[in-house]
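Have your viewer open as you read.

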Amino acid sequence: MKKYFLFIAGLLCSMASVYGQQNNHKLIYNKPAGQFEEALPLGNGRLGVMVYGGIFTERFSLNEATLWAGGPVNPDMNPGAKNYLQPVREALFAENYKKADSLVHFMQGKFSESYAPLGNLFFDFNHKGEVSNYKRELDIQNAISKTSYQIDGTTYQRETFISHPDQLVVIRFTASGKGKLDFICRFNSLLQHNVSARGKDLVMKGHSPVHASPVYHGNEIIWDDANAMRFGAQLKVMKTDGTVTTEAHSLHITNATEAIIVLSMATSYNGFDKNPGTQGKDEMKIAADYLKTIKPYTLLLRNHTADFRKYYDRVQISLGDEERGGLNTVDRLNAFAAGKNDNALIALYYQYSRYLLISSSRAGGMATNLQGIWNELMQPPWSSNYTTNINAEMNYWGVETANLTEMHQPLLDFIGRLAKTGAVTAKNYYGAGGWVLHHNSDIWAMTNPVGDFGKGDPSWANWPMGGNWMSTHLWEHYAFSQDKLFLKQQAYPLMKGAVQFCLDFLVADKKGNLITAPSTSPENYYVTPSGYTGSLLYGGTADLAIIRELFTDYIKAGEVLGIDLAMRNQVKAALQKMLPYQIGKEGNLQEWYYDWKDQDPRHRHLSHLFAAYPGYSITSAGSPLLADAVRKSLTTRTNDGTGWAITWRINLWARMQNGERAYDALKKLLRFVGNGAEVKMKGGGTYANLFCAHPPFQIDGNFGGGAGIAEMLLQSHQGFIELLPAIPVEWKSGKLKGLVARGGYVLDMEWKEGKMSSAILHAKNTGNCRVKYKGKLIDLKTVSGQDYHLTGFNGI
Ligand code: FUC
């Protein structure tokens, strides 16, 4: 029975007013950061700062999202690689995995390049006396950091934000006593650089290396100023009542009560295929241009806040706890670790994931990398690159549901560049059409298998599924936005290219099923009955699941657009012939072609479960037996693991509608691991600044964790919208506003003591929509722009 009625938009109760958690948007600390994992991130997508909040010396570590080592990649670097494909396949089908493994090493190229640290900006304060009442905080609703303390009765305050509309870092210093501010501004950098001071300006110029090897592959750093990416950082004292004097490499501000400083940064990056030295942009002009028309502080702040909150305020969340916003974040983490439930901390973690995405991924810019945009090392872990066998995609798992669809665009645009280099890689490594991406990439849109021409481990290097996985994001963006123009112009051609590669790459097994060869299950190893441990095989489940998902998306896209019938039929036929999922003797979803054992049964990767999340070719309703096999595999893998690995488990348990297991994993994600070098424990968790500890820091877990929380509250992958599909008993009451479901629907919900008390669906599109709650499905026809109060469920 259809039981719903239309509400007049204006009469809808304002959910905003019932979120009594206005303070739960802050990370709060009572001492300065001693290290990166305690410092607080600010960003506008392009510019990033980690604020340490020091008392005598304040440190801002600086980043610019386009500042990378290296230059345009030569995708033609190993043109003979394809000659090894057939011998590798023959060895595999002869079950000679060792030989296949040694041959596949010839199908490797260079490693990716590294995301570079721009430098540091320091403020040295001439403070004397006892410090009291220290506080620093990050207000994630307004994207502003604040530091304050007292010395001898004077209150010192600093606030910093990075404006997207004005493309500047803005810092305001104040003292409560007249003329009490006395400090020096200076830069440094690990990159080759020089600093000069003139008038009220301090300028740092420099360049990154043309190569920085991954830290796990030596310490080679190559400098070549002619071909290097250049950067410029220009600091200006915009306003002060004090005196500014220049020293050789610094500015000195004395006798001030207030000082407002702005910082502009830019690089010579001019596209993935342009030499950043010889064909680069004029970075000093770009940086200077942003400084030309500086607005008054209040206007800069107002523009910044309005811009940021336009995105941030779209979602509100409360999981039923009392307000804890005023508490110190480290105390909260410690209490949580000691077993004190803090659902407000989980809500904060969710909003923080949204904060980090708005701060690190803006339309027109770079996709957020392994550390977002925040890195202060010359050779950061895994080069702070794009790792596509889980991490880069995970960064965007939650973006659409979190009502941040615009933030998806940098990844979707990146796919367009990858398809260009990837077409050459497909030809040279596989003799295939379309385009391919392996497990690593960088700002140069590198697509080849890494490994320094034979030194890489095939378990990660020789995995050609990155482009296929990435392409599923193109469909997801359409599924949520229903933007047909995007589907037609941007998504479909790229999806088609990925599909073309797969059609060429798939081969028949001995029984005629279509499979992949060579194949791996990212970074995991099997043990054959004869005791051989390896990673290379044929017909790995993960490959097949990813391709199946891509093919399904491609078919749907073609149907929506009504084009390419012949190819669509070809893809449908291939899909029918693909090796079906197999259930192993333990009741597990088989990871390998044969039901072999895993070398590490608790391995962090869960690639063979791709079909259950992020894919949806296995669902509880559509394929219950396979879903049970997924549950079995998940149980064997356990909820332990590194940071991002835990978050994959949260999402999978949510998809398997097991709120308790998902919550158990969530608790593990929020384990306070201490800080930086002090981290001794095995497994992942959370640092003081709520960055995810792999360890070390990787931002994927922040985004994967956010996605997981949302997946527990709202799902829409089974052809219907499901409300509260996997909530644990700890979340018996809560309120939500603004989460997005596929089809272009925005949901507000309120539930009390385990029962929904209000659910409102805002339709952005006209169409048919099905909504499920506690096993009951209702159908509604929606009209774009209308709001629907869902009343057909028990308890509403
Ligand atoms: C994958 C993972 C590693 C690490 C790296 C960046 O290869 O298996 O653990 O997270 O990405």
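What follows goes through the ligand, the cavities and the strands in turn.

First, the ground rules: this is a predicted model, so local features need pLDDT of at least 70 and side-chain atom pairs count only at pLDDT 80 or more, while totals for chains, interfaces and linings use all residues. Residues are numbered from 1 along each chain as its sequence is written, and side-chain values use heavy atoms, with hydrogens and water left out.

Start at the ligand. Around the ligand you'll find Leu370, Trp382, Thr387, Asn389, Asn391, Glu523, Arg604, His605, Trp644, His694 and Gln698, where being near means that a residue has a heavy atom within 4 Å of the molecule. Some of these residues make polar contacts, that is, pairs of N or O atoms within 3.5 Å. An N or O atom in the side chain of His605 sits 2.6 Å from a ligand oxygen. For Trp644, a polar side-chain atom is 2.9 Å from an oxygen atom of the ligand, and for Gln698 the corresponding distance to a ligand oxygen is 3.0 Å.

Now for the empty space. Rolling a probe the size of a water molecule over the atoms shows where such space is left. Here a cavity is a set of points, on a 1 Å grid over the protein atoms alone, where a 1.4 Å probe fits but cannot get out, and its lining residues have an atom within 4 Å of a point. Grid points are joined across faces, edges and corners, and the volume is the space filled by probe spheres set on the points.

The largest cavity holds about 260 Å³. Its lining runs to 24 residues, with Trp397, Glu476, Tyr613, Pro614 and Arg742 nearest the centre. Helices H10 (466–481), H12 (541–561) and H17 (700–713) each put at least two residues into that lining, and H10 gives the most, 5 residues. Helices here are DSSP runs of H or I with at least four residues, strands are runs of E with at least two, and both are numbered from the N terminus. Split by class, the lining has 11 nonpolar, 6 polar and 7 charged residues. Nonpolar covers Ala, Val, Leu, Ile, Met, Phe, Trp, Tyr, Cys and Pro, charged covers Asp, Glu, Lys and Arg, and the others, Gly among them, are polar.

The second largest cavity has about 80 Å³ of space. Among its lining residues are Tyr350, Arg354, Asn395, Phe703 and Ala707. Helix H6 (343–360) and H17 each give two or more residues to this lining, and the largest share, 4 residues, comes from H6. By class, the lining of the second largest cavity has 7 nonpolar, 4 polar and 1 charged.

Finally, the strands, which count as paired if DSSP finds at least two bridges between them. E11 (residues 181–188) pairs antiparallel with E6 (residues 119–125) over 6 bridges, and Leu121 stands opposite Phe187 in E11. E11 also pairs antiparallel with E18 (residues 250–256), over 5 bridges, with Leu181 opposite Ala256 in E18.

Elsewhere, an open antiparallel sheet of 3 strands has the order E26-E25-E27. E26 (533–534) and E27 (597–598) are its edge strands, each pairing on one side only. E25 (residues 526–527) joins E27 through 2 bridges, and Tyr526 has Asp598 in E27 as its bridge partner.

Methods. 1 Å grid on protein atoms, 1.4 Å probe; cavity = no way out; pocket = protein on both sides within 12 Å on 5 of 7 lines; lining within 4 Å. Polar contact = N/O pair within 3.5 Å; in protein donor to acceptor, adjacent residues only side chain to side chain.
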